[in-house]
Amino acid sequence: MPNFNFSNIAQTQRERLFHIDFRLFFLGTVNRNDLVARFGIKEAAATRDITLYKELAPKNLEYDTKVKTYIQRDGFSPLFSFSTHQALAALLHGYGDDFVSGNHTFDAAEAPTQLHLPACDILAFVTRAIYCKQAISISYRSLSSGLTQREIVPHSLIDTGLRWHVRAFDRLKQQFSDFVINRIEQPRLIDNRMISDTESKGADQQWNQFVELQLIPHPSLRHPETIAHEYGFENGELTLSVRAAVAGYVLRRWNVDCSENHALVGTEYHLWLKNRQTLAEIGNLVLAPGYSAMSYCQIW
């Protein structure tokens, strides 16, 4: 990536240059109307932005007179760094303010949705409590206890790929646990009691501890090299460093066989956990497929 100094360019124009770069990189085309529709600027301003981009990266684009738009040139090198997660989110869901601009997302992308996303008002209440470091009172529905009243001190959100959880200190159980946001009802701010150090994120050992998961193609596979290529294995394995608190979700989401002798049978098991001994450091082992020692705390 070229090393450019953007300090002399206003932030609003940097954002438009980023948009030009993004469209050229991921869609291959850009024109003035894209900028006008996205940012609500005049055509003359859009022209200036594209002119500046051409000055910064003259080899990145050329004007196609047939379709009357700028297209990506061979040898394109992006001006900005792009995160794969952010790029996919933008392609799937838009750029964050598309409800204002009226832009459309990338029609050639689709992602299976969760069965039921958290309600915005509940989610917003939880995120405010996290940001302001406050405790909240909730009604909570669990599979083991039904509907109960809890006081929790939330500190982080977790996307398991299937559901959204909030990591929080549970004052009833006096421990850190994960709560499914969709099971929370009637949240209420508790403003008459300060949060203690033992309830803060810094005291959550499972959250702050990282474990390494060494994954290899499942020994039962006929063509293990296919999985090695798909997941970008190096030297035949993939090592992930994850928080101990979320390791169980990772193992469950990717159907990682955690049995001692890779004994799980099924077409869904593409991976086996090579360093099974690391599971001793994980608190939510109930989620680890094939792990037999299930005498650990259940997930809420």
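Q: Why is Trp 164 counted as partly exposed?
A: In this predicted model, Trp 164 has 30% relative accessibility. Partly exposed covers the range between the buried cut-off of 20% and the exposed cut-off of 50%, so Trp 164 counts as partly exposed. Trp 164 lies in strand E6, residues 164-170, and together with Leu 117 and Leu 157 makes a nonpolar surface patch of about 250 Å².

Q: What makes His 93 exposed?
A: The relative accessible area of His 93 is 62%. Exposed means over 50%, so His 93 is exposed. You will find His 93 in helix H4, residues 84-93.

Q: Why is H2 called oblique to H3?
A: The axes of helix H2 (residues 32-39) and helix H3 (residues 43-56) cross at roughly 120 degrees and come within 9 Å. Roughly perpendicular covers 65 to 115 degrees and roughly antiparallel begins over 145, so H2 is oblique to H3. The crossing in which H2 passes H3 is right-handed.

Q: What makes Arg 32 and Glu 43 a salt bridge?
A: Their closest N and O atoms are 3.8 Å apart, and the cut-off is within 4 Å, so the pair qualifies. Arg 32 is partly exposed at 39% relative accessibility, and Glu 43 is partly exposed at 41%.

Q: How do you know that Arg 16 and Asp 49 tie together separate parts of the chain?
A: Their side chains meet in a salt bridge with an N to O distance of 2.4 Å. Arg 16 lies in helix H1 (residues 11-26) and Asp 49 in helix H3, so the pair links parts that are 33 residues apart in sequence. Both Arg 16 and Asp 49 are buried.

Q: What makes Glu 199 and Arg 171 a link between two loops?
A: The side chains of Glu 199 and Arg 171 meet in a salt bridge, 2.7 Å from N to O. Glu 199 lies in the loop between strand E8 (184-190) and helix H7 (205-208), and Arg 171 in the loop between E6 and strand E7 (175-180), so the pair ties together parts that are 28 residues apart in sequence. Glu 199 and Arg 171 are buried, and Glu 151 is linked with them in a network of salt bridges.

Terms used: Residues are numbered from 1 along each chain as its sequence is written. This is a predicted model: local features need pLDDT of at least 70, side-chain atom pairs count only at pLDDT 80 or more; totals for chains, interfaces and linings use all residues. Side-chain values use heavy atoms; hydrogens and water are left out. Patches are made of residues with over 30% relative accessible area and no salt bridge: like charges are joined within 9 Å, nonpolar side chains (Val, Leu, Ile, Met, Phe, Trp, Tyr) within 5 Å. Accessible areas come from the Shrake-Rupley method with a 1.4 Å probe; for residues, only the protein chains shown count as cover. Helices (H or I, at least four residues) and strands (E, at least two) are DSSP runs, numbered from the N terminus. Buried means under 20% relative accessible area, exposed over 50%, partly exposed in between (1.4 Å probe, protein chains only). Axes are lines fitted to C-alpha atoms, for helices over the stretch in contact, and angles run from 0 to 180 degrees between N-to-C directions. Angles under 35 degrees count as roughly parallel, over 145 as roughly antiparallel, 65 to 115 as roughly perpendicular and the rest as oblique. A crossing is left-handed if the near helix is turned anticlockwise from the far one by less than a right angle, and right-handed if clockwise.
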